[in-house]
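User: Please give me a close look at a single part of this model. Pick one spot and follow it through its surroundings.

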Amino acid sequence: MAVLAMPAAGRGQTTISAGGRRIVLAPATLDFALRELARQGGITVVATDPRLREVRTRALTTGAPPARALAQLLRGTGYHAVPVDAASFRIVGTPRRPPIDRNLPRRAAPPSPVGGSSDIIVTASKQGTELARYPGSVSVVGRGVALPNGSIDLSDVAGQTPILQTTALGPGRNKLFIRGIADSSFNGATESTASLYLDDVQIAFAGPDPGLKLYDIAEVEIAEGPQGALHGSGAIGGIIRLTSHPVSLTRDGGRIEWGGALTGGGSPSTDMAAVANKVLLPDRLGIRLVGYHAVDGGYIDNLRSHARNINRVLTSGLRGTLRWDVGGGWRAELGGGTQSIVSRDAQYVMSEDVLASRSAIPQPSWSDMQFGRLLLSKEWASGLQFVSATGLVGGSSFEQFDASTLLPHGSYQLNSSKTLFSHESRLSRRLAGGGSWVIGVNLVSDQSVMGRSLTLRQGVRPVIGVTNVTRSGAIFAEATHPLTDRLWLTLGGRVTGARVDGEPSITPRSKNFVRGRSTTRVDPTFGFSWLLGGDWTLFGRYQSGFRTGGLAVAAGIGRVANFESDSIQMVEAGLQHVRRGATGLSASISVSHAQWNAIQADLLNRAGQPVTSNIGNARIDALEGWIEWVPQRDWHLTGALFVTDNEVTGKAAALSRASNRRLPETPSISARMGLVHDVPLGRDTVVSARGELAFVGPSVLGVGDMLDVRQGGYGVANLGLIARRGRYALALTLDNLLDDRGNRFAYGNPFLLGRRNVSTPLRPRTVGIRLSADL
């Protein structure tokens, strides 16, 4: 058994790391104590001995350097630490202390959905719950199988797990969906179905994914929803949490990387990034900065204007975190960042066989975001932890569409701006013998503005838009408790009060709008995990969630109307098998059933204008599973499968054929397989070869005959070769090996929807190279 997840792929070992600080440890089992010491001390500890949990440790409070604190913790246990480098240690030896009481709850070591056999801490639970005891499905990219290299965002991560789906309008414009909880293919006034967090702060509320580049992000955790009990409004599909690499207070460091790629028939791509970590006061104050600039080369030509490679995208960003360990267990972090995305033109073509557009005018877009966050926390030796997280996020965007099919020489513009304030304070405690609890309060204020205009020969003509202001307050609590050494229960709930005020963005042509809607919700949760024989665990849960309503553009230009709150209830049951050693088999399978009522959806009318309404109810059934096989230490095989069936009922569905009553962007089947082989070449050189196969099944744009436009139904094969020597790495990649022209998204311009032949093609076969160095 290993101590905590973040294992090296195919190695069956555990890596733990965090920033440095004063170390305060309560009495615990040695595996638990090592995890806490590594997290608090900013060091890396590798341990594989399952007997660690049979050794008890005493309380330890010390301001000594982490290496010395580790030696103090291990004194008399029979284990000792072998330095790998200045901040990395391997635990070796045999236990000397007598085993702990066998009546204490057993802590099983669960597998990772993406590769690993060790205890994974589910940060989305806010209790630090181990995955073996978490009654639900969680996927993690970055533990065991690293995040893809280079200029990537969450749309690229969706290619690593079939649980995550995405539209393909372009970076900064894509909507994300988890496990088929998908409302609409179009952007509008509705709240997102998946909540997005950067560390402990929510960074998106309504509208599309901001497209944050994932440089210096350690892992992406996808906690499948609904997650209403802990995360409130908007988490009906689940939450996505981006975890940054922490600020180290013990050593300076950094990383530089450069990547380049050539796309068949397109222009080159390149990106550069730099990370710097500076200790300002040892063990007290430090700062970490990351900056990047990426050019995603275009590969679509405009046959009318003769412009080439029009869909180029430029992205630049800067993030930073200042960390201060005040003393006495108190810690403060002040962070922030900015990012801008500029797209030269649209991403769609009129036939997937020809990578060409015929638009009369360019269709550029841009988006930017700025955010700041303040985190205050304190930990006590008893295991009690206090966290206060405050965030402020602002952003704006612009999109232009060719409207010449509707009005000669016309163009259509969408402008939006967003301001999100969030605050959460919570107390939690993880107990050394197992079990945990959390209680907290949450406040959210979000303002979302959408404006529209038509540009004609005569000038600009504004079209009515809307402003929604959502304010909510909530109190939540959840606890996980062992009833026996095999059966654990989780109970919790959230009480939310929310108010939505809406205003037309410009003077309306009628006064038929509603403002000041209030919602009060109680969202309970119940779950269990039951350790069966033979390293199998059975889990189940019930959860609910909702989204607030609001004001939206209604059918017809110049009108606004109200849309109601929607809600979802879900039950899930699953079974997972644990791989105990460095080699062997891990597997998981689960089924779920969800009932989604009064679905909010952003739609388009036949004139290409956006509208928002409640379209009906839906039943969603899903089967998902993953498997990991490590036949030898240097071979690592993974696979994942997602199968779903859904049906929409209501007015919109009743007007359509029975076969067209499906939710959008939800393939009936998706699958992925990956193979990694490590070849050691000398003492500090390893070459890793990898291969990936993915299949995305067919889906539709939306509910009803008008939106029954096919997309998906394609496969992708990728190859890679990575050589690592000490601090340096060289990667060669070949993506879309078979040069598949699959249609990722059958939409790109609202005024072409009636033609039903729009295609957003995969990037053609691309050869890439990447160089990186740790400083």
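**The hairpin and the cavity beside it**

Analyst: Start at the turn: Gly 383 has a positive phi near 100° in the hairpin of β25 and β26, where four residues separate the strands. Strands are DSSP runs of E, at least two residues, numbered from the N terminus. This is a predicted model: local features need pLDDT of at least 70, and side-chain atom pairs count only at pLDDT 80 or more, while totals for chains, interfaces and linings use all residues. Residues are numbered from 1 along each chain as its sequence is written, and side-chain values use heavy atoms, with hydrogens and water left out.

β25 covers 365-379 and β26 covers 384-402. They run antiparallel, joined by 15 bridges; two strands pair if DSSP finds at least two bridges between them. Ser 367 has Ser 397 of β26 as its bridge partner. On to the next strand: 19 bridges pair β26 with β27, again in the antiparallel sense.

Along with Gly 207, Pro 208, Ser 416 and Lys 418, Ser 397 lies nearest the centre of the largest cavity. A cavity is a set of points on a 1 Å grid, over the protein atoms alone, where a 1.4 Å probe fits but cannot get out; lining residues have an atom within 4 Å of a point. The volume is about 680 Å³, meaning the space filled by probe spheres set on the points, which are joined across faces, edges and corners. In the whole structure, 14 cavities reach 30 Å³ or more.

The lining of the largest cavity holds 48 residues. Its largest share, eight residues, is supplied by β26. Elements giving two or more residues include β25, β26 and β27, and also β28 (436-456) and β29 (459-482). By type, the lining has 25 nonpolar, 17 polar and six charged residues. Here Ala, Val, Leu, Ile, Met, Phe, Trp, Tyr, Cys and Pro are nonpolar, Asp, Glu, Lys and Arg are charged, and the others, Gly among them, are polar.

β15 (201-206) also gives two or more residues to this lining. That strand belongs to an open sheet of five strands, ordered β11-β16-β17-β14-β15, with mixed pairing. β11 (138-141) and β15 stand at the edges with a single partner strand each, so one side of each has no neighbour in the sheet.

A word on confidence. Mean pLDDT, the predictor's confidence per residue from 0 to 100, is 84 for the protein, and 86% of residues reach 70 or more.

Terms used
1 Å grid on protein atoms, 1.4 Å probe; cavity = no way out; pocket = protein on both sides within 12 Å on 5 of 7 lines; lining within 4 Å.
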